[in-house]
Amino acid sequence: MSTTRHKKFVRSKEPPGKLVIGERDLRILRALAEHRFLTSEQIFALDGGGQRNLQRRLQYLFHLGFVDRPSQQLSFDRPQTHIVYALGNKGADLLCERLAWPRGKVNWTTKNREATASYIWHGLMISQFWTVLTLALRGNAASLVNWQQGAELRDHVQIQGRRLAIVPDAFFTIEEGDDLLHFFLEADRSTMSLKRFWGKMRAYWEWWKQDGHRDKFDISRFRVLTITLSDARKDNLREVARRADDLRRGSAMFLFASEKSYSLQEPQSILRPIWQSPRDGRWHHLLE
């Protein structure tokens, strides 16, 4: 094992050593391919193995070019306690070779370098939700059977001659018994005006009325779950969403959760906003 101290965000011309790629490494690379950005804390929580050994493997994966550590994270306005990782070109090549992952012609090094700090922070908000939800459902009666991110989720709806975009941050499905529970995820970083957020929720409502969800995803029902950075923002957005349905009295279609209410250490708390819907008592089984 090398005793040389390597820089965190600059690849060494002399890598720490050779690495025999195993299933653990492939799981990390695939997670990065599917979720764009993950922190070392999230990777440790998902892996469940020895943290010291995993830290060493992440170091090797970085210096050997399989993963990137975007330098934009150095400008984050928050404590730098965990390193942010993204897929590297060699990692993408390996996934294509080993798992037949659709590699395409993407230059991941360039893509990671051009990502803004705010884009990465938004991506981490989504991956934190996915990580905590994955942990919460392990060994549970329900399971996460689908998770999608990307441009293929986009759709549109016509409202009074205007074409409005439907652009979810993610679409996921939880299976519980004979039930398939479908959710569109919106990650709010407090940068959107309340008026614009109302328009986003109104677009979802009209899309539902016009059966856009059936045409695009072949699903009969869904919920829109918005996650926020704070409880105060959550409460503000919930009040705005009460005016998005036709009766302007609030709809069980719109659910909300603050990042303050769930964590990697207590993942079960994330199930509360998903199963406790005020108008659908069938969705609260896991909390009983």
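Start by selecting Phe183 and Arg223: in strand S9, Arg223 is the bridge partner of Phe183. Strands here are DSSP runs of E with at least two residues, helices are runs of H or I with at least four, and both are numbered from the N terminus. You are looking at a predicted model, where local features need pLDDT of at least 70 and side-chain atom pairs count only at pLDDT 80 or more, while totals for chains, interfaces and linings use all residues. Residue numbers run from 1 along each chain as its sequence is written, and side-chain values use heavy atoms, with hydrogens and water left out.

**Stop 1: the sheet around S9**

Now show the strands on either side. S8 and S9 pair in the parallel sense over 5 bridges; two strands count as paired if DSSP finds at least two bridges between them. On to S10, which S9 also pairs with in the parallel sense over 5 bridges. Pick Leu225 there and you'll find its partner in S10, Leu255.

Buried or exposed: what are the residues of S9? 6 of its 6 residues are buried, where buried means under 20% relative accessible area, exposed over 50% and partly exposed in between, with a 1.4 Å probe and protein chains only. Colour Arg223, Leu225 and Ile227 for one side of S9, then Val224, Thr226 and Thr228 for the other; both faces are covered. In a regular strand the side chains alternate between the two faces of the sheet.

Zoom out to see the whole open sheet: 5 strands in the order S4-S7-S8-S9-S10, with mixed pairing. Strand S4 (142-148) and strand S10 (254-258) are the edges, each pairing on one side only. Neighbouring strands are turned by 25° against each other on average, direction ignored.

**Stop 2**

Select 170-176 and 179-187. These are strands S7 and S8, and they pair in the antiparallel sense over 7 bridges. Glu175 has Leu180 in S8 as its bridge partner.

Contact means heavy atoms within 4.5 Å.

**Stop 3: the aromatics**

Trp147 belongs to strand S4 and Phe172 to strand S7, 25 residues apart. Trp147 is buried at 16% relative accessible area, and Phe172 is buried at 0%.

Then jump to Trp207 and Phe217. Why is this pair edge-to-face? Because the centres lie 6.2 Å apart with the planes at 85°. Trp207 is in helix H7 and Phe217 in helix H8 (residues 212-217), so the pair ties together parts that are 10 residues apart in sequence. Trp207 is buried, at 1%, and so is Phe217, at 16%.

**Stop 4**

Move to the open sheet with 3 strands in the order S1-S3-S2 and antiparallel pairing. Its edge strands are S1 (37-39) and S2 (67-68). S1 is joined to S3 by 3 bridges, and Leu38 stands opposite Tyr85 in S3. On the S2 side there are 2 bridges to S3, with Val67 opposite Leu87. Both faces of S3 are covered: Val84 and Ala86 on one side, Tyr85 and Leu87 on the other, all buried. Helix H2 (residues 40-47) lies across S1 and S3, at about 80° to S1.

**Last stop: confidence**

Colour by pLDDT, the predictor's confidence in each residue, from 0 to 100. The mean for the protein is 89, and 92% of its residues reach 70 or more. Finish at residues 277-288, where pLDDT stays under 50. Where pLDDT is low, the predicted coordinates should not be read in detail.

Definitions and conventions: Axes fitted to C-alpha atoms, helices over the stretch in contact; angles between N-to-C directions. Phe/Tyr/Trp six-rings, centres within 6.5 Å; stacked < 30°, edge-to-face > 60°.
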